[in-house]
Amino acid sequence: MNYYLNVWKNFANFSGRARRSEYWYFVIFNVIIAIILVQISVLINFPFLVTIYYLAILLPSLAVAVRRMHDVGKSGWYLLIPFYSFILAVTEGQRGVNEYGEDPKN
C-alpha cells in the first residue's frame with residue numbers, strides 16, 4: 001500500500017527512478033480498484049465512475065511508468081513501444097547511479 005501512496009505523492013514527478021515493485025503494486029491496486037468501481041457503478045447505475053477514476057490516475061500512471069523506464073536506463077518515450085515497454089517494465093533496474101538518478105533500491 002505504501003508504494004501506491006508514494007506514487008500519489010509524486011503524481012507529477014517525471015524525473016528520477018521507480019523500482020519494479022513501486023510500478024507493479026500501483027498497477028495491481030489500480031486493477032483492483034477498477035474492478036470494485038465497476039461493481040459499484042453497476043449497482044448505482046452510473047457508468048462513468050470508472051472513467052472518472054481512469055482520468056484521475058492518468059497523470060500518476062504516466063509519471064510512474066516514465067520513472068520505471070528511467071530505472072532501466074531508457075527514456076520515457078519507450079512507453080510508446082507497447083511490447084518492448086512491457087519487457088522493460090519487468091526487467092530489473094540498473095544498479096547504481098545512471099543518468100536519471102540514484103538507484104532506488106539503495
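Modeller: Start with valine 66, which touches Phe14, Gly76 and Leu79, leaving aside residues up to four places away in sequence. The model is a predicted one.

Biologist: Where is valine 66 found, and why is valine 66 called buried?

Modeller: Valine 66 is found in helix α3, residues 49–71. Its relative accessibility is 12%, and buried means under 20%, so valine 66 counts as buried.

Biologist: What makes arginine 68 buried?

Modeller: The relative accessible area of arginine 68 is 0%. The limit is under 20%, so arginine 68 is buried. Arginine 68 is also found in helix α3.

Biologist: Which residues does arginine 68 touch, and which backbone oxygen does its side chain reach?

Modeller: Not counting residues up to four places away in sequence, arginine 68 touches Ala18, Arg19, Arg20, Tyr23, Leu88, Ala89, Thr91, Glu92 and Gly93. The side chain of arginine 68 reaches the backbone oxygen of alanine 89 at 3.2 Å.

Biologist: Why are α2 and α3 called roughly antiparallel?

Modeller: The two helices pack at an angle of about 175 degrees, and their axes are 11 Å apart. Angles over 145 degrees count as roughly antiparallel, so α2 and α3 are roughly antiparallel to each other.

Biologist: Which residues meet in the contact of α2 with α3, and how do they divide by class?

Modeller: On the α2 side they include Tyr23, Phe26, Ile33 and Leu37, and on the α3 side they include Tyr53, Ile57, Val64 and Arg68. The residues of this contact divide into 16 nonpolar, three polar and four charged.

Biologist: What makes α1 and α2 roughly perpendicular?

Modeller: Their axes come within 8 Å and cross at roughly 95 degrees. The range for roughly perpendicular is 65 to 115 degrees, and α1 and α2 are therefore roughly perpendicular to each other. In this contact Tyr3, Tyr4, Asn6, Val7 and Trp8 of α1 meet Ser21, Glu22, Tyr25, Phe26, Phe29, Asn30 and Ile33 of α2. By class, that contact has eight nonpolar, three polar and one charged residues.

Biologist: How many aromatic pairs does the structure hold, and why is the pair of tyrosine 4 and phenylalanine 26 called stacked?

Modeller: The structure holds nine aromatic pairs. Tyrosine 4 and phenylalanine 26 are 5.3 Å apart centre to centre, with 25 degrees between the planes. Rings pair if their centres lie within 6.5 Å, and planes under 30 degrees apart count as stacked, so this pair is stacked. The pair links distant parts of the chain: tyrosine 4 lies in helix α1 (residues 2–9) and phenylalanine 26 in helix α2 (residues 20–44), 22 residues apart.

Biologist: Are tyrosine 4 and phenylalanine 26 buried or exposed?

Modeller: Tyrosine 4 has a relative accessible area of 8% and is buried. Phenylalanine 26 has 2% and is buried. Tyr4, Trp8, Phe26 and Phe29 form one aromatic cluster.

Biologist: Why is the pair of tyrosine 78 and tyrosine 84 called tilted?

Modeller: The ring centres of tyrosine 78 and tyrosine 84 are 5.7 Å apart, and the planes make 55 degrees. Under 30 degrees would be stacked and over 60 edge-to-face, with the rest tilted, so the pair is tilted. Tyrosine 78, at 29% relative accessibility, counts as partly exposed, and so does tyrosine 84, at 31%.

Biologist: How do you know that glycine 73 is partly exposed?

Modeller: Its relative accessible area is 23%. Buried is under 20% and exposed over 50%, so glycine 73 is partly exposed. Glycine 73 is placed in the loop between α3 and α4 (82–90), and touches Gln94, Asn98 and Tyr100, not counting residues up to four places away in sequence. Glycine 73 and glutamate 99 are 26 residues apart in sequence and 7.3 Å apart in space, C-alpha to C-alpha.

Biologist: How many helices and strands are there in the chain, and what percentage of its residues count as buried?

Modeller: There are four helices and zero strands. Of the 106 residues of the chain, 30% count as buried.

Methods: Residues numbered from 1 in each chain as written. Predicted model: local features only at pLDDT ≥ 70, side-chain atom pairs only at ≥ 80, totals over all residues. Heavy atoms only, no water. Phe/Tyr/Trp six-rings, centres within 6.5 Å; stacked < 30°, edge-to-face > 60°. Buried < 20%, exposed > 50% of the residue type's maximum accessible area, 1.4 Å probe, protein only. Contact = heavy atoms within 4.5 Å. Axes fitted to C-alpha atoms, helices over the stretch in contact; angles between N-to-C directions. Parallel < 35°, antiparallel > 145°, perpendicular 65-115°, else oblique. Nonpolar A, V, L, I, M, F, W, Y, C, P; charged D, E, K, R; others polar. Polar contact = N/O pair within 3.5 Å; in protein donor to acceptor, adjacent residues only side chain to side chain.
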